Amino acid sequence: MMHYVLLKFRKGADVDAAEKLVRSTYEKLAEVLPYLSSPVTYRCCVERDSNADIMAVMRLDSADKLQEYLHHPLHVGMGKQLNPSIETRISFDRPD
């Protein structure tokens, strides 16, 4: 399955630092979780109220691995760092 995460940050947040953290965290998760692969992090190039600032996309071998990934310490740690600056978080999952 493909897992998408879209993040909209509060005004004044350091989106550059957030992008680096998201990218490096997903790359590390791909190294340690055999069922997570092909992580890509995108930065939005148009500033609009309705646009997310960052989108991360990755492949999970199956939907039953989602909870394990969500509770992994690297993922939880990233969330703790980013949560104070996130305005909106949306995820989307599709079978592949």
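In this predicted model, two aromatic pairs are counted when ring centres must lie within 6.5 Å. One of the pairs joins Tyr26 and Tyr69, whose ring centres are 6.3 Å apart. Their planes stand at 35 degrees, so the pair is classed as tilted; a stacked pair would need planes under 30 degrees apart, an edge-to-face pair over 60. The two tyrosines lie 43 residues apart in the chain, with Tyr26 in helix 1 (residues 15-32) and Tyr69 in helix 2 (residues 66-70). Tyr26 is buried, at 3% relative accessibility, and Tyr69 is buried as well, at 0%.

Four strands make up an open, antiparallel sheet with the order 2-3-1-4. Strand 2 (36-43) and strand 4 (86-94) are the edge strands; each has a single partner, so one side of each has no neighbour in the sheet. On average, and with direction ignored, neighbouring strands are turned by 15 degrees against each other. Strands of a sheet pair through backbone hydrogen bonds, in either a parallel or an antiparallel way. Strand 2 pairs with strand 3 (residues 54-60) in the antiparallel sense, over six bridges, and Leu36 stands opposite Leu60 of strand 3. Helix 1 packs on this sheet, where it touches strand 1 (2-9), strand 2 and strand 3. The direction of helix 1 makes about 170 degrees with that of strand 2.

In soluble globular proteins, nonpolar side chains tend to be buried together. Here the largest nonpolar core has 22 residues, and those touching the most other members are Phe9, Val22, Tyr26, Leu36, Tyr69 and Leu82. Two or more residues each come from strand 1, helix 1, strand 3, helix 2 and helix 3 (73-82). Helix 1 gives the largest share, six residues.

What of the cysteines, and how many disulfides are found in the whole structure? The search finds zero. Cys44 and Cys45 have their sulfurs 5.6 Å apart, whereas a disulfide requires sulfur atoms within 2.5 Å. For Cys45, too, the nearest cysteine sulfur is that of Cys44. Cys44 is partly exposed, with a relative accessible area of 32%, and Cys45 is exposed, at 77%.

Note on methods
Residues are numbered from 1 along each chain as its sequence is written. This is a predicted model: local features need pLDDT of at least 70, side-chain atom pairs count only at pLDDT 80 or more; totals for chains, interfaces and linings use all residues. Side-chain values use heavy atoms; hydrogens and water are left out. Rings of Phe, Tyr and Trp (its six-membered ring) pair if their centres lie within 6.5 Å; planes under 30 degrees apart count as stacked, over 60 as edge-to-face and the rest as tilted. Buried means under 20% relative accessible area, exposed over 50%, partly exposed in between (1.4 Å probe, protein chains only). Two strands pair if DSSP finds at least two bridges between them. Axes are lines fitted to C-alpha atoms, for helices over the stretch in contact, and angles run from 0 to 180 degrees between N-to-C directions. Contact means heavy atoms within 4.5 Å. A nonpolar core is a set of buried Ala, Val, Leu, Ile, Met, Phe, Trp, Tyr and Cys residues joined through side-chain atoms within 4.5 Å.
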